[in-house]
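We will go from the whole chain to single residues, one stop at a time.

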Amino acid sequence: MSKGSCLCGSVTWETLAEPYAMYNCHCRMCQKAHGTGFGTYCFFKEGQVRWTSGTDKIVHYRSSDVLVRSSCDVCGSVVPYANETDEHWVTPGGCHEDMRKSDYNIFVVDNSPWHTINGDLPRHDAYPEESGIPSVAGLPVPKKAEGPVLGSCLCGAVTYKVTEPFKVAHNCHCSRCRHARAAAHASNAFVSIDGVEFLSGEDRLKSYKVPDARHFTQTFCEVCSSPMPRLDVERGVAVIPMGSLDDDPGIRPVDHIFVASKAPWHDITDDLPQYPEGPPSA
Ligand SMILES: [Zn+2]
Ligand SMILES: [Zn+2]
Ligand SMILES: [Zn+2]
C-alpha cells in the first residue's frame, strides 16, 4: 500500500494492494507524456486504487486506442490512469513510499538515442504477451537532425526548435522532478535562454511554480500536459525535458544528481557519476 500525489498536491491517491505488474515503458508517447527517457507504471485491479483528493482537477488526453492518459490540470503531473478496462495504471514517481521494482523494460525498440537501457530486466519491443494489452503504433525514434533540433508535445499543439548548442544534460532524481514528471527521474538538457524558439502553440503553455521553491517550475501543454521547455529568465537558461525532443540532440546526460532523494524502487544501472545533491559545478 502506498500514497501518492501530483507535484502541486491537488490530486492524491492511495493504493490498497501490491501492484500485480510493473513496467518501465520506453515508448515515444511515454517519453513525451513524462518528458523523460521512460515512464514507469504499476498495474492494479479495479478497486485497488482510491482517490483521496482532487478528482475535479484531473484532465484526460487519449494518446492511442489503448490508453487515455490523466494528469493534474494545475501542475501538469501525470496521475494514475483509470482506463475502460478494469485496470489502474499508477505512476510510482508520485508515490511516497517504497514499492517493489519493475518486472520489464517495454517498447525498448522506441528508446531514444540519448538514453541507454542498462541492467538485466527482461526487454520487450511491445507489451509483454501475458499482459493481454494490444500493441500500438509508435512515433518515430529521434534521429540526428540536419538543421536545428526539433521538439514537440504529445498532442502536437506545441512545437519548438533549439537554435543554440546544448550546454549540459542531467538526470535529476530530486523529489520535485519525480513528482513533476511522475517518473523515476527527470532528464533535462540546458541551453541559453535565447536557444529555444517556439514554432507553434506557445499560447497553449501553462506553468506551475512550486510556492516554496526558488526556481522550480513545471511548464506543460494545456491540451496533453506534456512537459515543455521552461525559460528561466533569472538564470538565463532554457530547461528542456529531453523526452520532448524529436531529434537526437547529440549530447547525453552526464550524471545523476540529487540521488540522495532517489526513488527507492529505481536502481541506477549505468556508470555515470552520482551526486547526492546538485552537480559539483553548480
Ligand atoms: Zn497537481
Ligand atoms: Zn509507453
Ligand atoms: Zn500537447
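**Before you start**

This is a predicted model, in which local features need pLDDT of at least 70, side-chain atom pairs count only at pLDDT 80 or more, and totals for chains, interfaces and linings use all residues. Residues are numbered from 1 along each chain as its sequence is written, while chains are lettered from A and ligands numbered from 1 in the order in which they are written.

**Stop 1: the whole protein**

Show everything as a cartoon. Along the principal axes, the C-alpha atoms fill a box of roughly 50 × 40 × 35 Å.

Of the 282 residues, 41% count as buried. A residue is buried if 20 or more other C-beta atoms lie within 10 Å of its own, exposed if 12 or fewer, and partly exposed in between, with C-beta atoms placed from the backbone. Among contacts with a separation of 6 or more, 66% join residues 24 or more positions apart; a contact means that the C-beta atoms, placed from the backbone, lie within 7 Å.

**Stop 2: the two domains**

Colour 2–131 as domain 1 and 143–261 as domain 2; these bounds come from an automatic or database domain assignment. The C-alpha centres of the two domains lie 20 Å apart. Their contact takes 29 residues from domain 1 and 31 residues from domain 2. On the domain 1 side, helix H1 (28–34), strand S4 (39–45) and strand S6 (58–62) each supply at least two residues. H1 gives the largest share of that side, 5 residues. By class, the domain 1 side has 12 nonpolar, 16 polar and 1 charged residues. Nonpolar covers Ala, Val, Leu, Ile, Met, Phe, Trp, Tyr, Cys and Pro; charged covers Asp, Glu, Lys and Arg; the others, Gly among them, are polar.

**Stop 3: an open sheet**

Next, select the strands in the order S9-S10-S4-S3-S11, an open sheet of 5 strands with mixed pairing. Two strands pair if DSSP finds at least two bridges between them. At the edges are S9 (81–82) and S11 (104–106), each pairing on one side only. Now zoom in on S4 and S10 (residues 87–90), which run antiparallel and are joined by 4 bridges. The bridge partner of phenylalanine 43 is tryptophan 89 in S10.

**Stop 4**

S14 pairs with S13 (residues 149–152) in the antiparallel sense over 4 bridges, and glycine 151 has tyrosine 160 as its bridge partner. The hairpin of S13 and S14 has 6 residues between the strands, and glycine 156 there takes a positive phi near 90°. S14 also pairs with S17 (residues 196–200), antiparallel and over 4 bridges; lysine 161 stands opposite glutamate 197 in S17.

**Stop 4: single residues**

Select phenylalanine 107, in the loop between S11 and strand S12 (143–144). Its phi is positive, about 50°, although it is not a glycine. Phenylalanine 107 counts as buried because 25 C-beta neighbours lie inside 10 Å.

Phenylalanine 258, in the segment after S23, also is not a glycine and has a positive phi of about 55°. Phenylalanine 258 is buried, with 23 other C-beta atoms within 10 Å.

Then pick valine 237 in strand S21 (residues 237–241). Is valine 237 buried or exposed? With 20 C-beta neighbours inside 10 Å, valine 237 counts as buried. Valine 191 is 46 residues away in sequence, yet the two C-alpha atoms are 5.8 Å apart.

Finish at glutamine 274, in the segment after strand S23 (256–257). Glutamine 274 is partly exposed, with 16 other C-beta atoms within 10 Å. Beyond neighbours within four places in sequence, glutamine 274 is in contact with Asp255, His256, Val259 and Ile268.

Methods: Contact = placed C-beta atoms within 7 Å.
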